[in-house]
Amino acid sequence: FFSRHPMANVYEEVKLEDMEYSEEEQTYWYQCPCGDMFTITVEELMRGEDIAPCNSCSLQIKVLYEKQAFATHGQPAQIMVTA
């Protein structure tokens, strides 16, 4: 597991609505070029975190989302989340 560093090099910026969501795991994920996944949990998003590391390599993405809306509602109001 790689730590999340706010100033770390970011491979790509990805909008939250472009990520897949696992309701069971309460986790958003996005495909990494290495074949694994970048992941960030709902809890991390609610804390204002926006860096999602890959579970297998050193790449990280910056997740673009409205932090205020997420902190208030648990998920952005404009995004319909489906499992």
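**Entry 1: the sheet**

I started at proline 53, which stands opposite glutamine 60 in S6. This is a predicted model, where local features need pLDDT of at least 70, side-chain atom pairs count only at pLDDT 80 or more, and totals for chains, interfaces and linings use all residues. Residues are numbered from 1 along each chain as its sequence is written, and side-chain values use heavy atoms, with hydrogens and water left out.

I then looked up how S5 and strand S6 (residues 60–64) run: they are antiparallel, joined by three bridges. For my own reference, strands (E, at least two residues) are DSSP runs numbered from the N terminus, and two strands pair if DSSP finds at least two bridges between them.

Which order do the strands of the open sheet have? I noted S1-S6-S5, three strands with mixed pairing. S1 and strand S5 (51–53) stand at the edges with a single partner strand each, so one side of each has no neighbour in the sheet. On average, neighbouring strands here are turned by 35° against each other, direction ignored; the axes behind such angles are lines fitted to C-alpha atoms, and angles run from 0 to 180 degrees between N-to-C directions.

**Entry 2: the rings**

How many aromatic pairs does a search of the whole structure find? I got two. Rings of Phe, Tyr and Trp (its six-membered ring) pair if their centres lie within 6.5 Å; planes under 30 degrees apart count as stacked, over 60 as edge-to-face, the rest as tilted.

Tyrosine 11 and phenylalanine 38 are stacked, at 6.3 Å centre to centre and 20° between the planes. This pair links distant parts of the chain, 27 residues apart: tyrosine 11 sits in the segment before strand S1 (12–15), phenylalanine 38 in strand S4 (residues 37–41). Buried or exposed? Phenylalanine 38 is buried at 0% relative accessibility, while tyrosine 11 is partly exposed at 43%. Buried means under 20% relative accessible area, exposed over 50%, partly exposed in between (1.4 Å probe, protein chains only).

Tyrosine 21 and tyrosine 28 have ring centres 4.5 Å apart and planes at 45°, so I logged the pair as tilted. Tyrosine 21 and tyrosine 28 are both buried.

**Entry 3: the cysteines**

I found zero disulfides (a pair of cysteine sulfur atoms within 2.5 Å). Cysteine 34 is in no disulfide; its nearest cysteine sulfur, in cysteine 54, is 3.6 Å away, which is too far for a bond. Cysteine 34 is partly exposed, with a relative accessible area of 42%, whereas cysteine 54 is buried at 1%.

Technical notes: Helices (H or I, at least four residues) and strands (E, at least two) are DSSP runs, numbered from the N terminus.
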